[in-house]
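Work through the exercises below with the sequence and the model at hand. Each task is followed by a solution in steps.

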Amino acid sequence: FFKSKKIWKLPEEKKVLIYDNSYSNILLRYIKKKDVDIFHNYRANNLVLNIVIILKLILKGKLNFFNYKKEYLNYVKPKFIITLIDNNYFFYNIKKIYPKAKTIFIQNAHRMKMSDVFSKEIFLKKQKLKVDHMFVFNKFVGKQYNKFIKGNIHEIGSFISNNKRIIANTKVREFLYISNYKANELHEKILPHRTWKDYFSTEEKLLKNLNIYLTERKKKIHILGASR
């Protein structure tokens with residue numbers, strides 16, 4: 001709370017609400033800023049709180065983050081609610097608390113059954129979840145989502161990757177390895193007896209052997225790490 005940015009006036013009505021600030025800069029390339037409000041979800045580095053709504057909820061004795069979100073939606077009155085954080089479980093429930101808006105999520109990264117959205121499949125099936133539109137990488141991941149959430153599936157590949165400019169090169173004799181390695185999260189547990197360091201141990205072996213193989217052939221390998 002103390003580190004967050006504070007807003008001291010009520011939200012205005014907007015046509016579109018972007019749920020969670022992450023990747024909102026990409027969405028704003030396609031939507032007029034005057035039509036958009038951004039709901040900043042609880043992330044330590046970019047949390048923005050509306051103090052007027054908080055004070056109103058305190059007076060009603062109903063202050064919690066669920067009621068804060070509900071109250072925020074009732075002030076903005078959006079026709080469309082969009083997010084690029086497709087593994088945020090609360091987003092799948094928005095139709096229940098604000099059915100007037102069309103809800104849309106866009107898949108932003110590959111999804112797994114280990115410590116990710118699909119690991120909660122059995123729990124989520126019981127909740128009768130719904131969104132209007134799911135923009136996903138491919139048919140397979142769309143079917144996985146459709147096991148526990150109802151909505152129209154659209155296969156678009158990676159929305160974030162498709163926004164990157166393609167630079168045409170001449171003949172390339174080198175190799176690029178795209179990695180999800182995150183040094184600052186190595187000791188974080190993804191399972192009770194498994195950390196990210198364990199998860200990436202196979203990648204480390206692969207790269208060492210690949211480097212030996214390419215060096216013998218006088219070729220280079222470059223590694224593109226994760227952005228966060």
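A residue counts as buried when its relative accessible area is under 20%, as exposed when that area is over 50%, and as partly exposed in between. The model is predicted.

**Exercise 1. Decide whether Asn-163 is buried or exposed, and list the partners of its side chain.**

Step 1. Locate the residue. Asn-163 sits in the loop that runs between helix 7 (159–162) and strand 9 (175–178).

Step 2. Apply the cut-off. The relative accessible area of Asn-163 is 18%. Buried means under 20%, so Asn-163 is buried.

Step 3. List the contacts. Leaving out residues up to four places away in sequence, Asn-163 touches Ile-26, Arg-29 and Tyr-30.

Step 4. Pick out the polar contacts between side chains. One, of 2.6 Å, pairs Asn-163 with Tyr-30. Another, of 3.3 Å, pairs Asn-163 with Arg-29.

**Exercise 2. Describe the surroundings of Leu-57.**

Step 1. Leu-57 belongs to helix 2, which spans 51–60.

Step 2. Its relative accessible area is 3%. The cut-off for buried is under 20%, and therefore Leu-57 is buried.

Step 3. Beyond its neighbours within four places in sequence, Leu-57 contacts Lys-62, Leu-63, Asn-67, Tyr-68 and Glu-71.

Step 4. For a distance across the model, take Lys-218, which is 161 residues away along the chain; its C-alpha atom is 66 Å from that of Leu-57. The box filled by the C-alpha atoms of the protein is roughly 70 × 45 × 40 Å along the principal axes.

**Exercise 3. Outline the largest nonpolar core and say which elements give two or more residues to it.**

Step 1. Nonpolar side chains in soluble globular proteins tend to be buried together. In this protein, buried residues account for 39% of the 228 residues.

Step 2. The largest nonpolar core holds 33 residues, and those with the most contacts inside it are Tyr-68, Ile-81, Tyr-92, Phe-105, Tyr-145, Phe-148 and Ile-149.

Step 3. Two or more residues come from each of strand 2, helix 2, helix 3, helix 4 (94–97), strand 7 (129–136) and helix 6 (139–146).

Step 4. Another core, of 13 residues, lies apart from it; Ile-18, Leu-27, Val-36 and Ile-104 are among its members.

Step 5. Look at Phe-105 in the largest core. Its contacts, not counting residues up to four places away in sequence, include Tyr-92, Val-131, Tyr-145 and Ile-149.

**Exercise 4. Find the cavity of 30 Å³ or more, and then characterise the second largest pocket.**

Step 1. Searching the whole structure gives 1 cavity of 30 Å³ or more. The volume of the largest cavity is about 30 Å³.

Step 2. Its lining consists of Leu-17, Tyr-19, Phe-39, Lys-69, Leu-73, Phe-90 and Ile-94. Sorted by class, this lining has 6 nonpolar, no polar and 1 charged residues.

Step 3. Strand 3 has the largest share, with 3 residues. By class, the lining of the second largest pocket has 8 nonpolar, 2 polar and 5 charged residues.

Technical notes:
Residues numbered from 1 in each chain as written. Predicted model: local features only at pLDDT ≥ 70, side-chain atom pairs only at ≥ 80, totals over all residues. Heavy atoms only, no water. 1 Å grid on protein atoms, 1.4 Å probe; cavity = no way out; pocket = protein on both sides within 12 Å on 5 of 7 lines; lining within 4 Å. Points joined across faces, edges and corners; volume = space filled by probe spheres on them. Nonpolar A, V, L, I, M, F, W, Y, C, P; charged D, E, K, R; others polar. Helix = DSSP H or I, 4+ residues; strand = E, 2+ residues; numbered from the N terminus. Core = buried A, V, L, I, M, F, W, Y, C linked by side-chain atoms within 4.5 Å. Buried < 20%, exposed > 50% of the residue type's maximum accessible area, 1.4 Å probe, protein only. Contact = heavy atoms within 4.5 Å. Polar contact = N/O pair within 3.5 Å; in protein donor to acceptor, adjacent residues only side chain to side chain.
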